[in-house]
Amino acid sequence: MRVLQVCSELFPLLKTGGLADVCAALPTALATHGCEVRVLLPAFPAIRAGIADAKPLAPAFALPEGAQLLHGTLADSTRVYLIDAPMYAHGANPYIGADGLPHADSHRRFALLGRVGAQLAEGLDPGWQPAVVHSHDWHAALAPVYLQAAAMRHRRRLAGSVFTIHNLAFQGVFPMVVEPELGLPAEFFGMRRLEFYGQVSFMKGGLVHADRLTTVSPTYAREIQTEEQGCGLDGVLRERAGDLSGILNGVDPKVWSPATDAGIAALYSATSMGGKAACRTALQAEFGLAPQQEAPLFGIVSRLTDQKGFNLVLAGLDELLGRGAQLVVLGSGDPALEAELRAAAAAHPAQVAVRFGYDEALAHRIVAGADVIGVPSRFEPCGLTQLYGLRYGTLPLVRRVGGLADSVVDCALENLADGSATGFVFERFDVGDYRAAVRRACVLHARPDEWRRVQATAMAQNFDWDAAAARYAALYRSVIA
Ligand code: ADP
């Protein structure tokens, strides 16, 4: 079964969040389930530079926006198509310019991505036509829309379509004046289709036009059908409830395993935990923290946004400090949050340390060296960081929301008693609940035997890609049946 994966980022070439990890892991995971996956990406500079053998596809067809289609191979042998268009050449961040605002040509950048996805189903590469087009997030959400437009022109169905929501909060909404630039029939801009409160919504286009919808955890699939978490699209999602499913992301063990991670201070595994203490000591030294062993070391690796719960972390900091615990943060994003975190570190240099920017290697050292990994999100479609924490025996402290609710079991007495506990889970997005979870983490840490038992349970959790890939493959089969 030929599957075209349409996406805007891919680890390790270009990553702004979990989307890149997922898009990198899926093609190989799907190969063992009878899928031949090729990936379509914009040739952003970082992506273009990472595909050494990229060359134009012959015969060359004229594409919109002066683009040409290249093809090449990823390090793991996955075949890729790259859309090489002049507008992709500028800007280090694919979505945002140096001024911090979305690129002025964002609608054209990502309309082209969806459009070429549909063109591949129409036969753009005579040697390879997908049976299913699987697109990810709003950047690729117009692929199923262009696919339906093409099917109308050809008077036949060209391919099945699956659309995955990684974060409903980012929707790709543009003023209606962009309509003529998208090259779609006028009827596509009606209220039942792309129109969203007088504007054009790429996300809504994907939600309405794809054969099947998925999101990255079962809980988030339910949450986005509610007004509270539906970001204005809950009505559309409720109408499509029968076609919507939640498939929890996995972890790529080649990238995230304490037993083989070349970038951490010492290797370790569930049966040989000595290396974890070395990772912890190295992390304290690297961040200039006091080398204390009594209280837990909390780590956070995150985009700095309102979504990720930094207001709770800051408001609850005294709880953590008062118990002698420490906090390291690696983040990039909101300058105001950065300033607040910087001030906290300056006020408590032995206990709080921060680094800003995007640093994949440091993310690994934090996940390995911390005792607790914090993901106290307001909402969280899946969350990968807590899954990495589980694998590294770094107990997640999370809010019971989205994929966090589906992957972490609280250290409540009954869960400790039956051996199911894997971390610390709080209910409401409220500093009182957050503080209580910090307290539970500190109290458990003072009981080393129990802590080690919970660590063992956490490390035994299996969030591999195989189960997820089996479900995606079944979904693909259902749309081509
Ligand atoms: P989201 O996609 O909402 O950012 P996820 O938890 O799904 O959240 O995925 C985040 C991914 O990005 C993880 O792999 C995490 O380690 C990584 N990450 C986030 N911020 C940084 C950073 N500043 N430096 C390095 N890696 C980061």
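User: Which helices and strands each supply at least two residues of the shell around the ligand?

Analyst: This is a predicted model, and in it the elements that each give at least two residues to the shell around the ligand are α1 (18-31), β13 (297-304), β14 (326-333), α13 (360-369) and α14 (385-391).

User: And which residues come nearest to the ligand?

Analyst: There are 21 residues around the ligand, and those that come nearest are Lys15, Gly18, Arg303, Lys308 and Leu384.

User: Which polar side-chain atom lies 2.7 Å from an oxygen atom of the ligand?

Analyst: That atom belongs to Arg303, whose side chain places a polar atom 2.7 Å from a ligand oxygen. Backbone atoms take part as well: a backbone N or O atom of Leu384 lies 2.8 Å from an oxygen atom of the ligand, and a polar backbone atom of Gly357 is 2.9 Å from a nitrogen atom of the ligand.

User: How much of the ligand does the protein bury?

Analyst: The ligand taken alone exposes 560 Å², and the protein buries 93% of that area.

User: Staying around β13, where is Thr305 found?

Analyst: Thr305 is in the loop between β13 and α10 (310-315), and with a relative accessible area of 21% this residue is partly exposed. The C-alpha atoms of Thr305 and Pro335 are 9.5 Å apart in space, while the two residues are 30 apart in sequence.

User: Switching to aromatics, how many aromatic pairs does the structure hold?

Analyst: The structure holds 14 aromatic pairs. One of them joins Phe44 and Tyr88, whose ring centres are 5.1 Å apart with the planes at 70°, so this pair is edge-to-face.

User: Where do Phe44 and Tyr88 sit in the chain?

Analyst: Phe44 is in the loop between β2 (36-42) and α2 (45-49), whereas Tyr88 is in the loop between β5 (79-84) and α3 (106-122), so that the pair links distant parts of the chain, 44 residues apart. Both Phe44 and Tyr88 are buried.

User: Which residues do ring pairs link into a cluster with those two?

Analyst: The cluster linked by ring pairs is made up of Phe44, Tyr88, Tyr95, Phe110, Trp138, Phe174 and Phe202.

User: What caps the N-terminal end of α6?

Analyst: Ser201 does, with a side-chain oxygen that lies 3.5 Å from the backbone nitrogen of Met203.

User: Which charged ends sit over rings?

Analyst: Arg193 lies over the face of Phe188, at 4.2 Å from the ring centre, and the charged end of Arg355 sits over the ring of Phe287, 4.3 Å from its centre.

User: What about Ser257, buried or exposed?

Analyst: Ser257 counts as buried, because its relative accessibility is 8% and the cut-off for buried is under 20%. The residue is placed in the loop between β12 (244-246) and α9 (274-286), and its side chain makes a polar contact of 2.7 Å with the side chain of Arg391.

User: Which residues other than glycine have a positive phi?

Analyst: Among them are Ser77, with phi near 80°, and Cys231, with phi near 50°.

User: Last one, where is Glu36 found?

Analyst: Glu36 is found in strand β2 and counts as partly exposed at 36% relative accessibility. Its C-alpha atom is separated by 14 Å from that of Leu74, a residue 38 residues apart from Glu36 along the chain.

Technical notes:
Residues numbered from 1 in each chain as written. Heavy atoms only, no water. Phe/Tyr/Trp six-rings, centres within 6.5 Å; stacked < 30°, edge-to-face > 60°. Helix = DSSP H or I, 4+ residues; strand = E, 2+ residues; numbered from the N terminus. Buried < 20%, exposed > 50% of the residue type's maximum accessible area, 1.4 Å probe, protein only. Lys NZ or Arg CZ within 6 Å of the ring centre and 35° of its normal. Near = heavy atom within 4 Å. Polar contact = N/O pair within 3.5 Å; in protein donor to acceptor, adjacent residues only side chain to side chain. Areas by Shrake-Rupley, 256 points an atom, 1.4 Å probe, with all protein chains shown as cover.
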